[in-house]
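This briefing reviews selected features of one protein model, grouped by topic. Please consult the sequence and structure shown below alongside the text.

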Amino acid sequence: MGTDSGDRRIKDRYEAQCLKVRLTERGFFGRQKARTDVQCLDINRYGMSVLSPRPVPPGSRLLLDFSGKYITESRVAARIVSSYPFRTGYRLSIQFSYCHDRRGYSRAVDNALSRIEGFYNRLAS
C-alpha cells in the first residue's frame, strides 16, 4: 500500500481487516468510558485507521486491545487524530501515544506493534 504526496504518514500502512480491535476511551483521571469494537482498516507501528460505528472526537485518548491470529496485545495507549463519516460509520485515524510522547515510550509496546506490523506486512507481500 503506497502513500501519496499529501499523506502525513511516516511509513506505509498495511491492510489488517482481520485484526480484532477494541477501543476504550479514557476520561479524566484515567477513568474509562465507552468500549467499542471497531474494524481495523490498516496499521503500522505508528498508527492505524479503523471503522467505528460511532464518532470519536479528535484528541480523544484511548486504550486499544488487539487480538488476531498469533496476536494479543492489550491497553496500548493512543489518541484520535481525525474522525469523519466513512461507509457505514466513521473512519478514525489513530496515532499510538508512544510515538508522540517521549515519557510514554515503552520498548515492549514498540516491539509488540512492530511484530503486528511485520505480520501484516508479510501478508501483503
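The model is predicted: local features need pLDDT of at least 70, side-chain atom pairs count only at pLDDT 80 or more, and totals for chains, interfaces and linings use all residues. Residues are numbered from 1 along each chain as its sequence is written, and side-chain values use heavy atoms, with hydrogens and water left out.

**Arginine 61**
- Arginine 61 belongs to strand β5; strands (E, at least two residues) and helices (H or I, at least four) are DSSP runs numbered from the N terminus.
- Although 34 residues separate arginine 61 from glycine 27 in sequence, their C-alpha atoms are 7.5 Å apart.
- Not counting residues up to four places away in sequence, arginine 61 touches Thr24, Glu25, Arg26, Gly27, Ala78 and Arg79, where contact means heavy atoms within 4.5 Å.

**Serine 49**
- Strand β4 contains serine 49, which is buried at a relative accessible area of 0%.
- The side chains of serine 49 and aspartate 42 are joined by a polar contact of 2.8 Å.
- A polar contact is a pair of N or O atoms within 3.5 Å; within protein, one must be able to donate a hydrogen and the other to accept it, and residues adjacent in sequence count only if both atoms are side-chain atoms.

- In the largest nonpolar core, which has 27 residues, Leu19, Ile43, Met48, Leu64, Phe66, Ile94 and Phe96 touch the most other members.
- Helix α1 gives the most to this core, with five residues.
- A nonpolar core is a set of buried Ala, Val, Leu, Ile, Met, Phe, Trp, Tyr and Cys residues joined through side-chain atoms within 4.5 Å.
- Leaving aside neighbours within four places in sequence, the contacts of isoleucine 43 include Leu19, Met48, Phe66, Phe96, Ile116 and Tyr120.
- The buried residues of α1 include Leu113, Ile116, Phe119 and Tyr120.

**Cysteines**
- The whole structure has zero disulfides, a disulfide being a pair of cysteine sulfur atoms within 2.5 Å.
- The cysteine sulfur closest to that of cysteine 18 is in cysteine 40, at 8.5 Å, which is too far for a bond.
- Cysteine 18 is exposed at 53% relative accessibility, whereas cysteine 40 is buried at 0%.

Key: Buried < 20%, exposed > 50% of the residue type's maximum accessible area, 1.4 Å probe, protein only.
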